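Student: Could we go through this model together? I would like to start with the aromatic rings and then move on.

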Amino acid sequence: MSFDLSNKGSVLLTGINGFIAIHITKVLLARGYSVVGTIRSPSKADYIKTLFKSEFANGQLDFAIVDDITKDGAFDKVLKSKSFQAVLHTSSPYTLKVENPEEDLLHPAIKGTLGILDSIHKHAPSVKRVVITSSFASVVNSAKGNWPDHNYTDKDWNPITYEQGCEDGIKGYYASKKLAEMAAWDFIKEKNPTFAMTTLCPPMVYGPPEQEVSSLAKLGTSGDELYGIFTGKAQPENSVWIWVDVRDIALAHVLAIESEGAANQRYLITAGTYSAQQFLDVIWKHYPERAEEKGISKGTPGKLYPEGGNYTADNSKSLKDLKGLEYHSFDEMCKATFDRFLVLEKEGK
């Protein structure tokens, strides 16, 4: 079950104004798809309409209001409004600072995912492929730490429980991604819907922020991390040891629609290992004057990884099935991201 590529159809993209989703939108529109993006309020569409002015004007891009993805039937109206061929579900909370992990992370992730699958199953028989943005959080076994000699694959699952996820924001985020994805796979087994599903598990997602940025103090989790380093206000550190460029995870979503082999498959989408020290190395190599001006540390040049070693990850399945996927290099990602920061600074953000 995949598209007839000579006749691009309509795609529903949830959370269209997000960091990853804006890049997905760019890929979908460039490849000729019609896109309907969900947003929480009408004002959220203003920036996107400007970003894709001609596509909005000619009707290739449209929007639908879904103010709360956890409500029963939240997606019913939009799914009944048009004949969609695919749904890309990217809308899920990504924050580690919450007061109530169960209410702020677990419930929205699980209910939102099951809710949209149920709505598609009941009201959208035209949908042939559903792609869900999961996370390396649903794969990694945090208790193992650096886990030298382990090579993560799509077969790995985080052993975290619901109860552990209620303990704090970090555990809540990890549990929300793992449990939402498992609930999705259980849905597929139990309901046997007419659509096929693909889940994508990216680790740290870095890259140029193309979403609406009201302030450089509000770039989102990974953007805040990199801008902190780029301004000399934060020291780099690894929370995980693998990464992916936002442009690559975006392309992977669209290739998952188009690939026969991606039906009912799970993918670890990663460019490979990285060390946070490399951010400093790139800044001093390509932006030496800024590094001097901002007093950016040189860190520990040449010392990238722990002496005892660290885990790696296998991305071969993604490269085999998602034809056309090529991962950007770490240097390319950094340059694109830091150059975007410079543009935003000039704009006074």
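Tutor: What follows takes up the ring pairs, then the cavity, then the strands. This is a predicted model, in which local features need pLDDT of at least 70 and side-chain atom pairs count only at pLDDT 80 or more, while totals for chains, interfaces and linings use all residues. Residues are numbered from 1 along each chain as its sequence is written, and side-chain values use heavy atoms, with hydrogens and water left out.

Student: How many aromatic pairs does the structure hold?

Tutor: There are 19 aromatic pairs, where rings of Phe, Tyr and Trp (its six-membered ring) pair if their centres lie within 6.5 Å, and planes under 30 degrees apart count as stacked, over 60 as edge-to-face and the rest as tilted.

Student: Why is the pair of Phe230 and Tyr287 edge-to-face?

Tutor: The ring planes of Phe230 and Tyr287 stand at 85° with the centres 5.4 Å apart, so the pair is edge-to-face. Phe230 belongs to helix H8 (residues 221-230) and Tyr287 to the loop between helix H10 (277-286) and helix H11 (288-294), so the pair ties together parts that are 57 residues apart in sequence; helices (H or I, at least four residues) and strands (E, at least two) are DSSP runs, numbered from the N terminus.

Student: And is Phe230 buried or exposed?

Tutor: Phe230 counts as buried because its relative accessibility is 0%, and Tyr287 counts as buried at 9%; buried means under 20% relative accessible area, exposed over 50% and partly exposed in between (1.4 Å probe, protein chains only).

Student: What about Phe279 and Phe330?

Tutor: Phe279 and Phe330 form a tilted pair, 5.1 Å centre to centre with 40° between the planes. Phe279 lies in helix H10 and Phe330 in helix H13 (residues 330-346), so this pair ties together parts that are 51 residues apart in sequence.

Student: Which charged end sits over the ring of Phe230?

Tutor: That is the charged end of Arg290, at 3.8 Å from the ring centre, where the criterion is that NZ of Lys or CZ of Arg is within 6 Å of the ring centre and within 35 degrees of the ring normal. Lys317 likewise lies over the face of Tyr267, 5.0 Å from the ring centre.

Student: Switching topic, which residues line the largest cavity?

Tutor: The lining consists of His89, Ser92, Ala109, Thr113, Ile132, Thr133, Ser134, Lys177, Ala180 and Glu181; a cavity is a set of points on a 1 Å grid over the protein atoms alone where a 1.4 Å probe fits but cannot get out, and lining residues have an atom within 4 Å of a point. Helix H5 (101-123), strand S5 (129-133) and helix H7 (169-191) are the elements that give two or more residues to this lining, and H7 has the largest share, with three residues.

Technical notes: On a 1 Å grid over the protein atoms alone, a cavity is a set of points where a 1.4 Å probe fits but cannot get out, and a pocket is an open set with protein on both sides within 12 Å along at least five of seven lines; lining residues have an atom within 4 Å of a point.
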